[in-house]
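Please examine the following model with care. The explanation below leads the reader through its chains, beginning with a single residue.

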Amino acid sequence: MWGFIARKLIYNVPVYLGIILIVMLALRVQDPVLPQLSKNPSPAEIASVRENLGLDRPFVIQYLDLLKNVVTFNFEEESWTQGGKSVGEMLKDSIPMSLAITVPTLGLSAIIGVCIALVAAYFRGRAVDKILMIFAVLGMSISYLVYIIFGQFFGAFLPRQAFGGENWPFEINGYGALFLGEGASPMNWVSYYMLPVIIGLIVSLGYDTRFYRAVMVEESTRDYITTALAKGAGKRKVIFVHMLKNAMIPIITRVMATLPFLITGAVLMEIYFNIPGMGFQLINALRALDFPVIQGFVAVLAAMFILTVIATDVLYALVDPRVRLS
Amino acid sequence: MITRTPSKRRNWLSFAGVGALVLVGALAAPANGEEKVIRIPMTTAGPGDLDPVQGSTTYENRVCSTFYETLLEYEYLVRPFKLRPLLLEEMPTVEQDGKLWKFKLRDDVYFHDAECFPGGKGRKMVSADVVYSWKRLADPEYTFENWWLVDELIKGFTEYKDAQSALVSSGAAFDYDVSVEGMRIINDREFEIELTEPNQQFAWKLAMFQFSIVPREAVEQFGTEFTRRPVGTGPFVVENKDAWVVGSGLTVVKNPNYREAFYPSEHMPEDVKAGLTEAAGQRLPMVDRIEFGFYVEAQPMWLKFKENSLDYTTVPQFGFEEAVSRRTKNLKRDWRAKKITMDKVPLLDFIFRSFNMEDERVGGYTEEAKALRRAFNLAMDWDEMNEALYFGMALAYDGPIPPGLDGHPDNEEHRVSNSTRGPNYEKAREELRTAGYKIGDDGKAIDFEPIRFYTSTGQESIRIVDLLQRNFETVGIQINPVFVDFPTLMDVTNRKNAPMFSFAWGSDYPDAENNLQLYYGPYESPGSNHSNYDNPEYDEMYEQLRTMPIGPERTVHIEKMRDILIEDAPFCGSLARTRVYLTHPWVKNFKPTETFYTYFKYLDVDMDHPARGE
């Protein structure tokens with residue numbers, strides 16, 4: 001296994017280098033210097049600022065510099081738009097906020113989605129199954145933005161009007177520290193993050209349920225299921241014990257594939273709920289052409305993605321004895 | 001040897017100290033002892049910088065105006081806008097026809113307490129601080145973001161900047177101790193500024209937040225962190241660097257050492273009825289804390305205002321139908337019943353569609369070229385756009401000078417005699433014929449190749465483009481819209497690649513010069529003259545304008561420049577939006593404006609109002 005991991009890491013090095021290269025090239029299509037300058041800048045001023053920002057250096061030097069920073073985990077370069085704040089500080093502040101929304105959403109969606117899928121598979125073809133799938137498709141058909149807007153209105157604003165703000169757990173927007181910092185309290189999760197999690201859960205349940213049901217249905221057609229049933233094993237035990245265990249592989253794949261995107265957060269959610277998570281910061285940086293932030297965030301995301309893919313392969317082998325790592 | 005205060009005296013001292021504290025507390029706090037807090041939204045992810053030299057947006061202006069101060073400020077209640085001394089003892093003396101400006105600072109201005117000062121106590125502000133603060137505009141470290149405000153303005157300043165930039169490029173440090181010929185310190189309170197030529201806009205600039213005064217010690221000690229740890233002289237302070245959370249909000253608290261300053265008494269007649277004069281003579285600031293909330297999306301801001309968790313708000317587009325009567329353009333009855341007040345604030349806006357005068361098809365100065373551009377103007381229906389997008393509350397006008405400024409056509413229709421503002425489809429067709437197009441039986445130009453029209457992305461832009469296409473289609477003009485994000489739009493216009501594009505300009509100060517400079521030849525792209533308009537006669541008039549004293553002659557001069565632009569038609573214009581503010585009844589002393597933001601110190605709140613939410 002360790003040999004496999006090592007080989008995978010080595011094979012992905014050029015992939016990682018390529019991602020960083022492409023992102024850096026794509027960013028430099030537009031000139032980030034002029035928006036930062038005076039209204040009628042002279043060529044000398046433009047050159048001076050370009051030099052200050054390090055953009056006058058050959059591209060190869062800029063690329064190698066970024067790689068050096070990434071490899072040494074040096075994220076001290078300052079944001080161009082948030083003066084005095086380093087990329088590392090921004091990552092440190094924003095990632096927990098994103099995770100406070102995405103991790104519970106992913107976890108709950110996986111658990112609830114699997115449960116619903118199991119029920120649907122158990123009652124396959126019958127009214128229960130059909131009703132569950134209709135709701136799943138309905139859920140998928142509604143735009144994410146609609147969920148957010150309705151969720152904010154019906155989940156926070158209206159109840160607060162009806163029962164009083166102090167009697168309703170959800171805030172319309174905002175964020176609060178959970179463990180560190182001024183006013184930190186785990187209860188802040190309920191006030192500020194729980195509603196976005198519920199909205200995210202509703203959005204993802206439709207997709208997850210349909211996928212997991214399909215996995216269950218395919219698994220239910222396997223020979224071992226037929227054999228078990230023929231030997232007199234109870235349907236409930238066959239589905240909830242034997243079938244679930246074997247269906248875990250595609251489920252794990254789906255969950256693992258989502259992991260890298262956890263830290264980018266749910267961008268729209270963060271914008272509407274005023275939670276300055278990683279997705280929100282990245283969008284702002286893209287709008288403002290804040291190269292250090294974009295490059296730094298992409299470097300972290302790409303690394304996470306590659307590591308997650310490797311972890312998925314390893315987990316596969318651990319869960320399914322038929323799979324060998326090679 | 002330790003001496004002990006005799007016990008009786010010690011008791012009296014203790015009582016006196018406690019009594020003093022109680023008295024101060026009683027004076028500062030409202031009757032029920034609660035801190036006065038005002039909660040203000042801003043429709044943005046937030047300011048990018050709290051350093052005045054690096055700030056340029058209206059959002060930076062707003063927050064910086066709470067903790068920084070400038071030499072002059074706008075009279076809060078007086079219209080048309082007028083300046084008054086803020087850090088100065090009196091208005092500056094102007095000599096040599098406006099070339100030499102003499103200043104005398106107040107004697108009671110202190111910087112905020114900060115660890116950069118000995119003992120952490122803020123020291124008195126002196127003339128050297130003013131000179132230092134303005135020299136920072138020339139420092140390449142700050143990307144010359146606001147250099148345009150002083151370029152070629154102060155004698156010797158541009159030379160100083162160039163010399164220092166050369167030094168910095170060679171590896172040396174920027175030297176703030178080198179003197180600038182036109183900045184002369186007389187003593188700690190007096191200094192004079194000599195301009196390169198008389199300049200009437202200089203006074204307005206002295207009220208811009210980029211000219212705020214900062215202490216050298218703070219900049220040097222805090223370095224790049226100074227952008228997050230401002231130290232100024234203003235009525236509020238940023239408590240610590242965690243008080244600002246990007247994307248969420250910024251909190252400022254009352255400066256406990258703010259000098260004696262009082263609510264102004266000069267006002268307009270209508271301010272009496274609005275209750276804006278009751279606080280005259282009261283000590284500033286009136287609240288203990290300001291909580292700025294940043295809202296990228298308007299929905300949460302609107303909902304928080306409706307649940308009384310924000311003290312005032314601007315009305316987002318989707319909120320108009322809910323709160324404002326389309327017929328009367330006033331608040332609906334149920335909103336008035338909650339005692340919410342509505343203020344309509346005309347903005348110093350110049351919203352227009354611009355042509356690239358260097359473009360092969362739409363540019364140029366021949367009669368045919370001008371006729372083509374005038375045809376565009378005549379085919380556009382600004383009134384329809386106003387109704388569709390701005391609830392009919394914006395103001396369509398001729399020329400580039402917004403309402404309220406000299407040179408704005410101040411008649412009922414806001415038109416000039418040579419108006420080319422549409423819709424006038426017959427005249428548009430005439431102009432198209434002059435431009436060389438044949439008009440078919442359907443009234444449309446034949447063989448009109450579409451013109452690329454760049455505009456920013458967003459719902460509003462899509463609706464504008466739909467409207468424009470429909471207007472233009474009436475006479476056969478066709479545009480090919482290209483939707484891009486704002487940085488790309490700026491990039492394309494800076495490279496002179498956009499034949500036609502959508503743009504807007506908000507005046508930096510209430511003087512027509514600020515709008516007319518948009519067409520000054522030397523300011524071509526990537527400068528502010530994105531049209532790349534190049535008219536020597538106009539340029540000469542602009543250079544004269546900069547030095548002309550305020551008066552009827554200057555107004556006539558401005559009007560001539562305006563009429564030249566309307567004749568040459570480098571743009572289709574214009575529109576000025578009206579921002580609608582809604583204010584809850586527990587907020588006092590609020591007279592909204594977007595020309596300046598030094599008014600937060602005047603705002604007061606009734607914390608005991610029963611409807612005020614948390």
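Is B:Phe391 buried or exposed, or does this residue stand in between? B:Phe391 is partly exposed, because 19 other C-beta atoms lie within 10 Å; a residue is buried if 20 or more other C-beta atoms lie within 10 Å of its own, exposed if 12 or fewer, and partly exposed in between, with C-beta atoms placed from the backbone. The model is a predicted one, in which local features need pLDDT of at least 70 and side-chain atom pairs count only at pLDDT 80 or more, while totals for chains, interfaces and linings use all residues. Residues are numbered from 1 along each chain as its sequence is written, and chains are lettered from A and ligands numbered from 1 in the order in which they are written.

B:Phe391 belongs to the loop between α12 (382-390) and β15 of chain B. Helices (H or I, at least four residues) and strands (E, at least two) are DSSP runs, numbered from the N terminus. The phi angle of B:Phe391 is positive, at about 60 degrees, although this residue is not a glycine. B:Ala569 also has a positive phi, near 55 degrees, and is likewise a residue other than glycine. The place of B:Ala569 is the loop between α18 (552-568) and β19 of chain B. B:Ala569 counts as buried, because 23 C-beta neighbours lie inside 10 Å.

In β19 (residues 571-576) of chain B, six of the six residues are buried, so the strand is largely enclosed by the rest of the structure. Strand β14 (residues 349-355) of chain B runs antiparallel to β19(B) and is joined to it by four bridges; two strands pair if DSSP finds at least two bridges between them. In this pairing, B:Ile351 stands opposite B:Leu575. Strand β15 (residues 395-396) of chain B is also antiparallel to β19(B), with two bridges between them. There, B:Leu395 has B:Ala576 as its bridge partner.

Another part of chain B holds an open sheet of four strands. Their order is β4-β5-β7-β6, and the pairing is antiparallel. Why is one side of β4 (93-95) and of β6 (183-185) left without a neighbour in the sheet? These strands of chain B stand at the edges and each has a single partner strand, so one side of each has no neighbour there. On average, neighbouring strands of this sheet are turned by 20 degrees against each other, direction ignored. The partner of β6(B) is strand β7 (residues 190-194) of chain B, and three bridges join the two antiparallel strands. Within that pair, B:Met183 is placed opposite B:Ile193.

Chain B also contains cis peptide bonds. One runs from B:Gly422 to B:Pro423, with omega near 0 degrees, and B:Pro423 is in the loop between β15 and α13 (425-434) of chain B. Another joins B:Ser525 and B:Pro526, with omega about 10 degrees. B:Pro526 is located in the loop between α16 (513-516) and α17 (536-545) of chain B.

Chain A has 12 helices and zero strands. Its C-alpha atoms fill a box of roughly 85 × 60 × 35 Å, taken along the principal axes. Of the 326 residues in chain A, 34% are buried.

How do its helices α1 and α12 meet? Helix α1 (residues 2-27) and helix α12 (residues 291-319) of chain A pack at an angle of about 155 degrees, with their axes 10 Å apart; axes are lines fitted to C-alpha atoms, for helices over the stretch in contact, and angles run from 0 to 180 degrees between N-to-C directions. That angle makes α1(A) roughly antiparallel to α12(A), a term used for angles over 145 degrees. Among the residues that meet are A:Ile5, A:Leu9 and A:Tyr16 in α1(A), and A:Phe291, A:Val298 and A:Ile306 in α12(A). The residues of this contact divide into 18 nonpolar, two polar and one charged. Ala, Val, Leu, Ile, Met, Phe, Trp, Tyr, Cys and Pro count as nonpolar, Asp, Glu, Lys and Arg as charged, and the others, Gly among them, as polar.

Finally, the two chains touch. In chain B, 45 residues are in contact with 42 residues of chain A, where contact requires that the C-beta atoms of two residues, placed from the backbone, lie within 7 Å. On the side of chain B that touches chain A, α15(B) gives the most, with five residues. By class, that side has 16 nonpolar, 16 polar and 13 charged residues.

Terms used: Parallel < 35°, antiparallel > 145°, perpendicular 65-115°, else oblique.
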